[in-house]
Structure formats: C-alpha cells, structure tokens
Amino acid sequence: MAKTLLDGKDLKLGLFSANCSSGMAVTKIEDRWKATWDDNLALGRLADEVGIDFMLPIARWIGYGGETNFHEGVLDPVALAAGLLAETERLFVFATIHTAFNHPLVAAKAMATVDQIGEGRAGLNIVAGWNKPEYDAMGVDLPLDHDDRYAYAQEWWGIVERLWTEPGRYDIDGRFWQLKGAESMPKPYDGLLPILNAGSSTQGRDFAARNSNVVFTVVGGPDDGAGVVETVKANARDNYGREVGVFTPSYCVCRETKAEAEEFHRWYAEENADWDAVDNLMRLQGLYAMSFSEEMLAMFRGRFAGGHGVCPLIGSPDDVAAEIKRFWDAGFGGMTLSFVDYTGELAYFAQEVLPRLEKLGVRLPR
C-alpha cells in the first residue's frame with residue numbers, strides 16, 4: 001500500500017485536519033465542521049469509496065482563542081487512525097505525533113499496532129514542535145533554538161526507526177534519551193511506515209529531506225512552489241542520497257460557478273471570520289513556527305481565515321481542476337484538501353473535479 005502512495009505516477013490527494021473542530025476554516029458560521037468521530041468515520045468511508053488517497057489528522061491540545069476558540073475540539077490522531085483504518089479498505093492514514101510530548105518507545109509500539117490494524121496503510125507525521133502555549137500546557141519548555149528542536153526530533157526518530165527494524169533488547173545512549181533494555185514488538189506490518197514531515201523552515205525542510213518519504217510544505221502557490229520542489233528534492237538527493245515526494249496543503253471552495261464559490265468564501269472567510277483567532281494563529285506562526293516569512297504573514301491574513309494560511313482553490317470545477325494541474329506541473333507529488341463541510345463538499349469534488357483531473361492527465365483512475 002505504501003508503495004502505491006509513493007509511486008509518483010500521479011498526483012495523490014488527501015484530506016487534512018478533519019479531526020479538528022472547524023477544520024482549517026477560522027470561521028464563526030453556525031454550521032462549521034464539528035469534527036466528531038461520526039463526522040470523521042463518514043468522511044473516511046466516503047474518501048475510501050471515491051478514491052481519495054489518504055487522510056492526515058493533526059495533533060492539538062488547546063485552542064487558538066477568539067470567539068470560537070478555533071481548534072478547541074481535536075480527536076487524537078493515533079486513536080483516530082486506528083479507527084479509520086479498521087473501517088476502510090484502501091485509504092491510507094497518517095498519524096501526527098509530536099516528538100516533545102511522546103516517548104519514542106510508546107510511539108513505536110502504538111504506530112506499529114495501528115499499522116497492523118490497517119495491514120500496511122498507516123503512516124507517521126513527525127512534528128518537532130512549535131506551539132509554545134501547548135508546551136506551557138504540558139509543563140514542558142519549548143527550546144527557543146530551532147536547531148535544538150530538530151536535533152531532539154532527529155534522535156527521537158532514530159530510536160523509533162531502530163525499534164521498528166532491530167529485533168531483541170538493547171540499550172540506547174543518546175544526547176536526549178538513555179534507554180536501558182529497550183525492545184518493541186510487534187513491528188510494523190510490512191517494513192517501515194512512510195514518514196511525512198511538515199517542514200517549511202530551513203531546518204524543517206532539511207529534516208524532512210533527510211528522514212521523510214514525503215516533505216509536506218506550505219508555499220505561496222504553484223509558481224514559487226516549483227522552486228521549492230526543486231530545492232527540496234535536490235537537497236535530499238545531493239546531501240542524503242534520497243528521493244522524496246513533495247506535497248502541499250490547500251483549502252477548497254468548489255461550486256457550480258466561480259461567482260458562487262467566491263460568494264461562499266466571502267461569507268465564511270471575511271464576513272464571518274473569527275479574526276481574533278486568526279490573529280492569535282498568525283502571531284504564533286510568526287513567532288514560533290518559522291513556517292511563514294513576515295511578508296507571507298502580512299499578505300495572507302485572508303488565507304488564514306479561509307484555510308489556516310494555505311493555498312486556496314476557489315472556483316468552478318474547471319477552475320479548481322486547472323489550478324490543481326498547475327501544482328502537478330510544478331512538480332508536486334500530492335496535495336491535501338480541506339473544506340468547510342468535508343463530507344458534503346468532498347462528494348461534489350469527487351463527482352465534478354476528480355473526473356476532470358483524470359482527463360487532464362493529473363490523476364489515474366482509482
């Protein structure tokens with residue numbers, strides 16, 4: 001299954017942040033996404049049916065404030081991945097794990113178990129950490145040096161990788177971890193799980209190039225994204241002797257006409273945006289994540305309201321399909337989608353956009 005997800009034959013499409021209340025839309029509208037288990041189960045089954053390749057839930061412990069306390073309710077991604085994999089047949093599910101809050105021995109066993117449930121359809125999204133209020137809530141200090149966070153994550157991943165591949169019991173003596181008599185069974189279902197890392201800072205992209213199969217990175221659009229893809233792939237190839245895929249997130253508003261799509265976007269992301277939550281989110285991203293430059297933060301306030309600062313896909317099915325093709329032409333191997341109403345809007349997307357992507361040569365039939 002992992003080989004299919006990483007084969008590079010066509011553009012892979014996934015669903016991002018559906019385990020979070022409001023998804024990616026920082027909006028106050030009454031019927032915003034609730035992100036219950038029933039919501040995610042229905043979405044996972046639909047995604048499995050229509051040919052979406054993967055789901056990528058994220059990890060959050062506290063909301064971003066504002067009137068809605070954006071991301072107040074978030075389903076645990078590891079438990080969610082286990083549930084979704086048990087209820088689907090083809091869908092791949094990544095689970096997001098923060099290295100600072102999860103012991104590598106516990107994470108290795110949990111994810112190997114999840115992969116056994118999915119018979120090889122599980123993946124791991126490694127997060128080095130950035131959100132200081134969550135560190136405060138955990139009673140853990142956020143290392144202010146970005147290099148230290150990734151050094152910690154590198155050692156953490158090295159331990160997990162060893163536990164997944166090396167039999168027996170052994171000691172591990174590192175800078176951050178000293179484990180005595182560690183062992184881990186079961187191993188993953190069929191070799192190492194695919195690794196995804198969401199790196200947009202220099203250190204983050206380098207960590208991803210060194211360790212991951214998929215580099216998941218935010219870009220301004222397909223034009224600047226082409227350069228990012230080239231740089232990331234060259235870094236992985238030249239410095240680490242590895243080939244990686246590059247995926248990017250987007251949010252989608254697709255309606256019968258472009259005018260209808262723009263009107264809906266204006267309604268939820270401008271007239272009913274939770275601007276206090278938007279500003280809290282942008283402040284934290286700018287201070288700690290280093291995922292966005294100051295120029296991007298200033299320019300993309302509307303994008304943060306519409307979809308957490310990622311690229312918008314707004315328009316008719318023809319418009320959306322054409323824009324997705326531009327990302328494929330720029331070298332991206334995959335994209336994630338988010339919607340205000342994931343299940344309702346995914347059904348329309350599958351009916352109208354997926355066939356267009358096949359005709360454009362971007363997607364193969366599923």
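## A cis proline and a positive phi

Proline 186 sits in the loop between strand S6 (178-182) and strand S7 (195-197); strands (E, at least two residues) and helices (H or I, at least four) are DSSP runs, numbered from the N terminus. The model you are looking at is predicted, so local features need pLDDT of at least 70 and side-chain atom pairs count only at pLDDT 80 or more, while totals for chains, interfaces and linings use all residues. Residues are numbered from 1 along each chain as its sequence is written, and side-chain values use heavy atoms, with hydrogens and water left out.

What is the peptide bond from methionine 185 to proline 186, cis or trans? This bond is cis, with omega near 5°. Asparagine 69 has a phi near 45°, a positive value in a residue other than glycine. For background, most residues other than glycine have a negative phi, and most peptide bonds are trans.

## H2 against H3

Let us turn to helix packing. Helix H2 (residues 37-50) and H3 have axes that come within 10 Å and cross at roughly 45°; axes are lines fitted to C-alpha atoms, for helices over the stretch in contact, and angles run from 0 to 180 degrees between N-to-C directions. H2 and H3 are therefore oblique to each other, given that angles under 35 degrees count as roughly parallel, over 145 as roughly antiparallel, 65 to 115 as roughly perpendicular and the rest as oblique.

Trp37, Asn40, Leu41 and Gly44 of H2 meet Leu80, Gly83 and Leu84 of H3, where contact means heavy atoms within 4.5 Å. By class, this contact of H2 with H3 has four nonpolar, three polar and no charged residues; Ala, Val, Leu, Ile, Met, Phe, Trp, Tyr, Cys and Pro count as nonpolar, Asp, Glu, Lys and Arg as charged, and the others, Gly among them, as polar.

A cavity here is a set of points, on a 1 Å grid over the protein atoms alone, where a 1.4 Å probe fits but cannot get out, and lining residues have an atom within 4 Å of a point. The second largest cavity has a volume of about 30 Å³, taken as the space filled by probe spheres set on the points, which are joined across faces, edges and corners.

Lining the second largest cavity are Leu15, Ala18, Asn19, Asn40, Met55, Leu56, Pro57, Leu80 and Leu84. Strand S2 (54-56) and helix H3 (77-86) are the elements that give two or more residues to this lining. Its residues divide into seven nonpolar, two polar and no charged.

## H7 against H8

Helix H7 (residues 202-211) packs on helix H8 (residues 222-240) at an angle of about 55°, with the axes 9 Å apart. That makes H7 oblique to H8, and their crossing is right-handed. Arg205, Asp206, Ala209 and Arg210 of H7 make the contact with Val228, Val232, Asn235, Ala236 and Tyr240 of H8. Five nonpolar, one polar and three charged residues make up the contact of H7 with H8.

Definitions and conventions
1 Å grid on protein atoms, 1.4 Å probe; cavity = no way out; pocket = protein on both sides within 12 Å on 5 of 7 lines; lining within 4 Å. Left-handed = near helix turned anticlockwise from the far one by under 90°.
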